[in-house]
Amino acid sequence: MMRLDRHFIRSIDLGSVISDNFGVDVVWSPHVYSSWVLNFMEHSVYLGLGLVPEIGPLLAVSWSIGMQAITNPDAFEAENVLHLSADVLQAIVGTAIGANLNVPKGFKSGGAVKAF
């Protein structure tokens, strides 16, 4: 059995090959962050929790408020839509800042959900 050595393929810059063959300048654009997947998952869980019988609406609102606290703790603290006391609000924001380390960088949610 003959083994092919394909290391030469990795050294070819496709941008320069396309530029030379077609007479156009090909430049690789930098990656632009998109939070589409995180938004999709957040809204899918929100919708799924809303379908739970009897307690679903409460779970859905709690999920939305919790996600807003995790993704944007400063806005959550400033808006204080639940009218929480300062101690409880500080505990929630402190926990949310720790959980925020698991959220992809660049994702910033909108304002808090108006539950009332």
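## Overall fold

Of the contacts in the protein chain with a separation of 6 or more, 51% join residues 24 or more positions apart; contact here means heavy atoms within 4.5 Å. The structure is a predicted model, in which local features need pLDDT of at least 70 and side-chain atom pairs count only at pLDDT 80 or more, while totals for chains, interfaces and linings use all residues. Residues are numbered from 1 along each chain as its sequence is written, and side-chain values use heavy atoms, with hydrogens and water left out.

The protein chain contains 6 helices and 0 strands, and its pattern along the sequence reads α-α-α-α-α-α. Helices (H or I, at least four residues) and strands (E, at least two) are DSSP runs, numbered from the N terminus. The protein chain has 116 residues, of which 21% count as buried. Buried means under 20% relative accessible area, exposed means over 50%, and partly exposed lies in between, with a 1.4 Å probe and protein chains only.

## The packing of H3 and H4

Two packed helices are described by the angle between their axes and the distance between the axes. For helix H3 (residues 36-50) and helix H4 (residues 56-71), the angle is about 155° and the axes are 7 Å apart. Axes are lines fitted to C-alpha atoms, for helices over the stretch in contact, and angles run from 0 to 180 degrees between N-to-C directions. H3 and H4 are therefore roughly antiparallel to each other; angles under 35 degrees count as roughly parallel, over 145 as roughly antiparallel, 65 to 115 as roughly perpendicular and the rest as oblique.

On the H3 side, the contact involves Glu42, Val45, Tyr46, Leu49 and Gly50, which meet Gly56, Pro57, Leu59, Ala60, Val61, Trp63, Ser64 and Met67 in H4. The residues of this contact between H3 and H4 comprise 9 nonpolar, 3 polar and 1 charged. In this division, Ala, Val, Leu, Ile, Met, Phe, Trp, Tyr, Cys and Pro count as nonpolar, Asp, Glu, Lys and Arg as charged, and the others, Gly among them, as polar.

Leucine 47 is located in helix H3 and counts as exposed, at 57% relative accessibility. Its C-alpha atom is separated by 9.4 Å from that of proline 57, 10 residues apart along the chain. Between H3 and H4, the loop includes glutamate 54, which is exposed at 79% relative accessibility. Glutamate 54 has a positive phi of about 70°, although it is not a glycine.

Methionine 67, in helix H4, is buried at 11% relative accessibility. The C-alpha atoms of methionine 67 and asparagine 100 are 9.5 Å apart, with the two residues 33 positions apart along the chain. Isoleucine 65 also belongs to helix H4 and is buried, with a relative accessible area of 11%. From isoleucine 65 to valine 81, the separation is 16 residues in sequence and 9.0 Å in space, C-alpha to C-alpha.

## Asparagine 80

With 19% relative accessibility, asparagine 80 counts as buried. Its side chain reaches the backbone nitrogen of leucine 84 at 3.0 Å. A polar contact is a pair of N or O atoms within 3.5 Å; within protein, one must be able to donate a hydrogen and the other to accept it, and residues adjacent in sequence count only if both atoms are side-chain atoms.
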